[in-house]
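Here are my notes on helix packing in this entry. Please read them with the coordinates open.

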Number of protein chains: 2
Amino acid sequence: MSGYDQLPPDFLVFNYTQTLDHFGFKPESNMTFKQKYIINSKYWGGANTTSPIFVYTGDEAPIEGVAAYAGFIVELASRFKAFLLYIEHRYYGDSMPFGDRSKSFQDTSTLGYFTSAQALADYAQLITCIKKNLSAQNSPVIAVGGSYGGMLASWFRLKYPHIVIGALASSAPILYFEDITPHDGYGAVVTKDFRETSENCYSTIRESWFEIDKVAAQTNGLMNLSNIFATCMSLNSSRQLKNFLELSYMSSAQYDNPPYDLVGTICRAIDGVPQETYILDTIAKGLNASFGGDSCIYVFDLKPSNQSGWEWQKCTEMVMPIGWGPNDTMFEAYPFDINNYTRDCIQLFGVTPRPNWVTTEFGGHDIKSVLSNFGSNIIFSNGLRDPYSSGGVLQDLSDSILAIYTNEGAHCADLQTPDPNNDPQWLVAQRDKEIKIIELWIAEYNAKLTSKVLDNKAP
Amino acid sequence: MSGYDQLPPDFLVFNYTQTLDHFGFKPESNMTFKQKYIINSKYWGGANTTSPIFVYTGDEAPIEGVAAYAGFIVELASRFKAFLLYIEHRYYGDSMPFGDRSKSFQDTSTLGYFTSAQALADYAQLITCIKKNLSAQNSPVIAVGGSYGGMLASWFRLKYPHIVIGALASSAPILYFEDITPHDGYGAVVTKDFRETSENCYSTIRESWFEIDKVAAQTNGLMNLSNIFATCMSLNSSRQLKNFLELSYMSSAQYDNPPYDLVGTICRAIDGVPQETYILDTIAKGLNASFGGDSCIYVFDLKPSNQSGWEWQKCTEMVMPIGWGPNDTMFEAYPFDINNYTRDCIQLFGVTPRPNWVTTEFGGHDIKSVLSNFGSNIIFSNGLRDPYSSGGVLQDLSDSILAIYTNEGAHCADLQTPDPNNDPQWLVAQRDKEIKIIELWIAEYNAKLTSKVLDNKAP
């Protein structure tokens, strides 16, 4: 619970005895584990058809973090007199199916139950149980999630329409599989974010990669680079530095939500140097600024860990082909290569990715027409400054499969805790739209239920 | 292939290398097995959007049997210039995941992958592959199935709307789970079938159980019963005889489709005896008639076998609570008892049934309102003489979730091979309705596709 001991007292933490394997009956399938969930009933209007249950479909993080930071659904709860249920995703946080993390992440025999379909079935089973315990079988349930959790929320609505009447899927890149979205989509948005902020910033970054390699190749090159960038420890390679810079730019773009101004901070530092400043000194200024002016920068290696849940998911189902060619972006060429990707996963986990599984299970190239002809009640919200928005649903697909996007926002801005004093108008407007749509879903649900009751009572 | 060597030459048998475990990444999950499928392209109009693919979602039987006997989809193919694909369900026929049947049915470690969700994912993966191989990505696919295969067809449409545009689910008792349908639904329809055929037949059967027990309790009682019923081998118990009679009545009702007249055959024999005939002699006449007048009746025991695929499915997911009280039906009381049921399954397979799984995964009490609000393009066809129709969908749930039922038909009558010379008018009319609806689905699919192409071409 470290780091989350600030969870307000309205939030109560419980464990549910969850089935290990919903889709099998092997000797170990009926094993159970403690799945963590959090409830908040402060605003709940009770077991009736007008007081909804909002379920946060947990993602690749401990669930307390969500409950602490994703405060929009608390506002939703107060508006709709809703019950809040946050469910931790299996293999994250404390929801470890085989005791602790190290046992659960031991090998594919323990990790093998770590799939999105199992997670969705977890949610279905737990929600059904909670509704029964609350005698709230008729209460409308709405799934809410962001990023991977947003994909889960939308897939949950598609696969379990008998459990949830709608879903708010924030920053859910459900189209970033196979070749539905161009591979350079992610990098192209990062590039656009920087270029729109400052043409000089963009071109400086774009030209810096070559210079880094040039310096590294010189005598004492790595030492010089370490000095220029004021790294806390000596660099191993120019690759290490370049990876670190790339990641800094990418996450600055992805998480550039109010009240932060991450890309702006980097670009102001880059643009603020005197003319004729050496290009790598300029880049170093940008990096330093993005780390808040630390006296030295801890350049860590980006080695994937076989104790990371998200690395496992990337190596199994969540094969999102992110890469780019030589001239697509402000980055060095980094083409996505499924063969290398597969080789790395076999090395890391001993597992072979299934790049076609998500599209087979949840829909692929034709998902848009399927959603428009079949699905209903899903909000796909995106901020167009979010690199993952390139794989998001950005157009209304029917009168209830709706895309709500903002030019300004980045990753999952709408789900953050509203700040009435400081939130920009576009964010307030985005959330208001979402609230109005959800209000309509609940009203429609009630209208149908009422007409059904009247039907049954008719002579 | 024994028994199916009559498969016409238009039918070609293939094997697909199928993934053992779609929902896991355990060491054995990526193992593959040969899944049998049959194609028939005789009528196919080729890879275009007006020539559909009909997929028979295989059920608890070898797939050649379906291809040989369920001829209605061949008629559909000829009408719609369709491609036919029959997929064998894993663990049936020759689609044994671990080599042969005895190895696949060894214990829960091999049987553990035998679930309906895995079967649906098999279908999704195989259909996707076949469409790709045929360059028929835009061809509309329609699922067809009967009984358990009918449930699979409707669930497939709900869970994989990106794979199939519609489903014809014949005699699919998707409501016969938990307590959605009264437990005595099945027995009540059998009773109605007999009673409607002959009040005397019904009351004779109803009164016979007590007499059987009475005779059995006398000296040489079992020998006398064996003589009365002309059994080929001596009876072990009155229970054995009663079970056998019950099963005869139940299957006579269930399969009472033209050109047969199974219940009528029994009842004519029962009604045809001279007045004052001893009641058990009368019952024996009925039994003898239903076996075509054999010189002796082989009364087999109804012991469930742990080599039976359907027994496994009943013992895991397909927990359909069929039972009745003392006065519900023409049978002796036989209440459904989940505890006994569970105990028997543990004994038989070492497995614990999950009676709530089907309703959690596919929808339960609220499935009707979910289907009407969410689903589309499903025909639920039923014959009201089919005992399983009691758990079927018998009302239109929306303008494209349609119930087509006949008073006359029994189990899966519509899927049988049409016989223009002998099929009764109600059956011809039922099939015509189904054809018209499917025609509409294909037309709508094409209209949407055409408007999409035009949209994309618009300036």
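1. Residues B:Ile205, B:Trp209, B:Ile212, B:Asp213 and B:Ala216 of H8(B) meet B:Ser238, B:Leu241, B:Lys242 and B:Tyr249 of H10(B). By class, this contact between H8(B) and H10(B) holds six nonpolar residues, one polar and two charged. Bear in mind that the model is predicted.

2. Now the geometry of that pair. H8 of chain B spans residues 199-217, and H10 of chain B spans residues 238-254. Their axes come within 10 Å and cross at roughly 160°. Angles over 145 degrees count as roughly antiparallel, so H8(B) is roughly antiparallel to H10(B). The crossing of H8(B) and H10(B) is right-handed.

3. A second pair lies in chain B: H13, residues 309-316, and H14, residues 338-349. The axes of H13(B) and H14(B) come within 10 Å, and the crossing angle is roughly 135°. That angle makes H13(B) oblique to H14(B). The handedness of the H13(B) and H14(B) crossing is left-handed.

4. Which residues of H13(B) and H14(B) meet? From H13(B) come B:Glu311, B:Trp312 and B:Cys315. From H14(B) come B:Cys345, B:Leu348 and B:Phe349. This contact of H13(B) with H14(B) has five nonpolar residues, one charged and no polar.

5. For the figure legend, I would set the pairs side by side. H8(B) and H10(B) cross at roughly 160°, with right-handed crossing. H13(B) and H14(B) cross at roughly 135°, with left-handed crossing.

Methods:
Residues are numbered from 1 along each chain as its sequence is written. Chains are lettered from A and ligands numbered from 1 in the order in which they are written. This is a predicted model: local features need pLDDT of at least 70, side-chain atom pairs count only at pLDDT 80 or more; totals for chains, interfaces and linings use all residues. Axes are lines fitted to C-alpha atoms, for helices over the stretch in contact, and angles run from 0 to 180 degrees between N-to-C directions. Helices (H or I, at least four residues) and strands (E, at least two) are DSSP runs, numbered from the N terminus. Angles under 35 degrees count as roughly parallel, over 145 as roughly antiparallel, 65 to 115 as roughly perpendicular and the rest as oblique. A crossing is left-handed if the near helix is turned anticlockwise from the far one by less than a right angle, and right-handed if clockwise. Two residues are in contact if their C-beta atoms, placed from the backbone, lie within 7 Å. Ala, Val, Leu, Ile, Met, Phe, Trp, Tyr, Cys and Pro count as nonpolar, Asp, Glu, Lys and Arg as charged, and the others, Gly among them, as polar.
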